[in-house]
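Please find below a colleague's note on the model under review.

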Amino acid sequence: MIKIIPATVNDARIIHELAHAIWYPTYKDVISLDQIDFMLEKSYTEEALIAAMEADVSFYILLERGFPVGFMSLEPQKECLRIGKLYLLPNTQGKGYGKVFIDFAAEQALKAGITALELNVNRNNPAYGFYLKQDFEVVESVDIPYYQYVLNDYVMRKPLQH
């Protein structure tokens, strides 16, 4: 029923379309419409996605019955595997797919000898509660200047065991 596949530069259009379908309903009550538009234009154009892939960011697409319904990016860091992006279409949220992505990321980390996952989540994002249920802990509260905006995030970390 569901499957995670590695994304290639040929999948940039799919991720771009998913981002546009996901960001507006996900963030409309969290950040301004102007900021949503800006973030999509900055990070989710096909060119920006391809550039990230070429800079060694690994993207994965979650398929439900063969159709793309979400994506995740992973970036190895010194002490952790960083989940840079994890997004699912609104109509698939609550089906356990987020946990599937987190478990997949944990497997990838452990295969690489990495013993922690890390991510940022907006402090007002309802996904924060989801990450707490997945055993992530807040390690820092940060306000990151990003062009004319400020990203109000929690940095969350989840220790992993073999």
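The points below go from the overall fold to individual residues.

1. Basis of the note. This is a predicted model, in which local features need pLDDT of at least 70 and side-chain atom pairs count only at pLDDT 80 or more, while totals for chains, interfaces and linings use all residues. Residues are numbered from 1 along each chain as its sequence is written, and side-chain values use heavy atoms, with hydrogens and water left out.

2. Secondary structure. The chain contains five helices and seven strands, in the sequence order β-α-α-α-β-β-β-α-β-α-β-β. These elements are DSSP runs numbered from the N terminus (helices: H or I, at least four residues; strands: E, at least two).

3. Overall dimensions. The radius of gyration is 15 Å, which agrees with the value near 15 Å for a compact globule of 162 residues. The radius is taken over C-alpha atoms, and the globule rule is 2.2 Å times the number of residues to the power 0.38. Along the principal axes, the C-alpha atoms fill a box of roughly 45 × 35 × 30 Å.

4. Of the 162 residues, 45% are buried (buried means under 20% relative accessible area, exposed over 50%, partly exposed in between; 1.4 Å probe, protein chains only). Among contacts with a separation of 6 or more, 61% join residues 24 or more positions apart; contact means heavy atoms within 4.5 Å.

5. Surface and charge. About 8800 Å² of the chain is accessible surface, and carbon and sulfur atoms hold 51% of this area (Shrake-Rupley method with a 1.4 Å probe; for residues, only the protein chains shown count as cover). There are 15 positive and 21 negative side chains, and the centres of the two sets lie 6 Å apart. Lys and Arg count as positive and Asp and Glu as negative, with His and the chain ends not counted; each charge is placed at NZ of Lys, CZ of Arg, CG of Asp or CD of Glu.

6. Aromatic pairs. The whole structure holds 15 aromatic pairs. One of them joins Trp23 and Tyr87, whose ring centres are 5.7 Å apart with planes at 50 degrees, so the pair is tilted. Trp23 belongs to helix α1 (residues 12-27) and Tyr87 to strand β4, so the pair ties together parts that are 64 residues apart in sequence. Trp23 is buried at 5% relative accessibility, and Tyr87 is buried at 12%. Tyr128 and Tyr154 also form a tilted pair, with 4.8 Å centre to centre and 35 degrees between the planes. This pair links helix α5 (residues 127-133), which holds Tyr128, to strand β7 (residues 149-159), which holds Tyr154, 26 residues apart. Tyr128 is partly exposed at 24% relative accessibility. Rings of Phe, Tyr and Trp (its six-membered ring) pair if their centres lie within 6.5 Å; planes under 30 degrees apart count as stacked, over 60 as edge-to-face and the rest as tilted.

7. Ring cluster. Which residues do ring pairs link into a cluster? The members are Trp23, Tyr27, Tyr44, Phe71 and Tyr87.

8. Helix α2. In α2 (residues 33-43), the buried residues are Gln35, Ile36, Phe38, Met39, Leu40 and Ser43. Their cover includes α1, α3 (46-54), β4, β6 (137-146) and β7.

9. Two loop residues. Thr92, in the loop between β4 (81-88) and α4 (97-111), is buried with a relative accessible area of 1%. Apart from neighbours within four places in sequence, Thr92 is in contact with Glu64, Val69 and Tyr97. Asn10, in the loop between β1 (2-6) and α1, is exposed at 68% relative accessibility. Asn10 and Glu46 lie 9.5 Å apart, C-alpha to C-alpha, and are 36 residues apart in sequence.
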